[in-house]
Amino acid sequence: MQMQKLNQVIQMFAVDGSVLSAEEYGTGHINRTHLIEMDQCGQRKRYILQQINTEVFKDVDKLMENIIGVTGYLSKKLTEQGGDPDRETLRVIPTRNAGSYYRDGEKCYRMYPFIEDAVSYDAVKRPEDFYESAKAFGRFQSLLLAYPAHTLHETIPDFHNTKKRFAAFCAAVEADLCGRAASVQPEIAFVMEREPEMSVLTDLLKQKKLPLRVTHNDTKLNNVLLDRQTGAGLCVIDLDTVMPGLSVHDFGDAVRFGANTAAEDEQDIGKVSLDLSLYETYVSGYLDGCRGSLTKKELEMLPMGAKLMTMECGMRFLTDYLSGDTYFRIHRKQHNLDRCRTQFALTADMEHKWTQMQEIVQKQAKKDMR
Ligand code: ADP
Ligand code: GN1
Ligand code: MG
């Protein structure tokens with residue numbers, strides 16, 4: 001965004017001072033994030049300014065209503081528990097006329113204070129960090145246990161309905177908008193072979209064997225901030241997809257991203273595998289964060305959550321590749337195809353390590369079963 005435009009947007013928010021610098025920030029695939037530094041009477045203060053992706057989030061009023069509701073609730077809970085709401089939850093900065101975001105034609109912007117002395121990682125460097133991220137996501141879920149879930153809007157309908165994602169994938173293969181289907185036959189076959197599994201978790205939800213909870217739904221490692229000094233899990237961010245959902249999906253999405261021995265877009269598929277030790281680390285941190293709130297069925301289904309989130313994500317990347325790369329931001333040709341291939345390689349490795357994945361959960365859950 002041009003500096004002049006940025007200045008004009010920032011003017012709309014209830015923040016004082018003048019802009020010292022602004023730079024693109026983070027590696028998210030959906031929104032556009034800027035780190036803004038302002039001078040406030042000689043003091044430097046930093047903010048996050050985000051342009052919300054309105055192609056993905058069609059109803060920004062509802063999206064922001066969710067975020068205001070959840071962050072307000074978390075802030076109260078944290079205060080009650082002696083936490084620090086200024087660092088442990090996001091806070092939406094209102095616009096000058098008390099709105100939760102600023103709309104300029106098709107473009108929508110929101111602002112948060114930048115949480116200082118915190119880090120977020122795109123890959124696990126130390127197992128302790130992964131443990132802390134798991135505990136933070138588990139804690140996030142347990143803090144929201146009593147949140148009135150019915151007041152939350154579905155910001156992306158059927159976001160983790162794997163069965164519907166499969167149907168959307170089949171439609172994209174059929175439409176073959178870019179004529180790419182012929183070149184990805186092995187990937188298409190990989191999905192088709194696994195059709196029967198796609199509905200396992202949604203069926204359990206329908207049968208009320210898995211509880212609907214308030215979940216984050218996008219638990220990538222870089223969506224949690226860790227304290228720079230102590231390394232402790234600090235603040236769960238990227239709250240656009242906080243909706244009623246399944247705990248096993250939150251667990252699974254984090255595992256697919258963080259316990260992969262390669263990056264999500266690695267081009268050398270030989271480098272992709274499930275790191276069982278990191279997987280165990282995540283199980284242990286997540287259970288600690290959830291503080292005994294997971295049911296026996298949820299515990300049993302954690303490995304399935306990991307496998308289906310990996311499968312689903314790969315399928316979504318492939319759907320986007322077939323449809324002309326309109327959803328996920330790409331930085332090179334075939335970026336979505338590379339991403340899809342890592343997810344399918346990881347799914348296959350999980351299938352290979354299935355018994356160990358189950359045994360690890362059983363071992364860690366012994367202290368947790370109820
Ligand atoms: P996206 O939806 O595009 O993934 P995020 O909300 O995750 O956007 O923000 C992108 C990155 O910006 C995060 O990974 C994190 O590093 C950083 N970030 C976002 N909000 C804050 C904040 N309030 N304080 C500090 N860093 C933040
Ligand atoms: C997107 O916004 P970001 O980069 O944290 C996507 C997730 C995918 C992820 C894959 C709203 O997350 O569902 O798992 O990319 N978010 C949305 O990296 O679709
Ligand atoms: Mg993010």
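1. Contact is taken here to mean heavy atoms within 4.5 Å. Helices (H or I, at least four residues) and strands (E, at least two) are DSSP runs, numbered from the N terminus. The structure is a predicted model, in which local features need pLDDT of at least 70 and side-chain atom pairs count only at pLDDT 80 or more, while totals for chains, interfaces and linings use all residues. Residues are numbered from 1 along each chain as its sequence is written, chains are lettered from A and ligands numbered from 1 in the order in which they are written, and side-chain values use heavy atoms, with hydrogens and water left out.

2. In helix α5, F166, F169, C170 and V173 meet I188, V191 and M192 of α6. This contact comprises 7 nonpolar residues, with no polar and no charged ones; Ala, Val, Leu, Ile, Met, Phe, Trp, Tyr, Cys and Pro count as nonpolar, Asp, Glu, Lys and Arg as charged, and the others, Gly among them, as polar.

3. Helix α9 (residues 276-290) and helix α13 (residues 354-365) have axes that come within 10 Å and cross at roughly 35 degrees. Such axes are lines fitted to C-alpha atoms, for helices over the stretch in contact, and the angles run from 0 to 180 degrees between N-to-C directions. By class, this contact has 8 nonpolar, 3 polar and 2 charged residues.

4. E280 touches I360, K363 and Q364, leaving aside residues up to four places away in sequence.

5. The largest nonpolar core has 78 residues, and L201, F251, V255, L274, Y279 and Y282 have the most contacts inside it. A nonpolar core is a set of buried Ala, Val, Leu, Ile, Met, Phe, Trp, Tyr and Cys residues joined through side-chain atoms within 4.5 Å. A second, separate core of 21 residues includes F169, A181, M198 and F317.

6. The magnesium ion (ligand 3) has N223 (OD1) and D238 (OD) as its protein donors, at 2.1 to 2.2 Å. Donors are N, O and S atoms within 2.8 Å of the metal (3.2 Å for Na, K and Ca); water is not among the atoms, so sites may look incomplete. N223 is buried, at 5% relative accessible area, and D238 is partly exposed, at 26%.

Terms used. Buried < 20%, exposed > 50% of the residue type's maximum accessible area, 1.4 Å probe, protein only.
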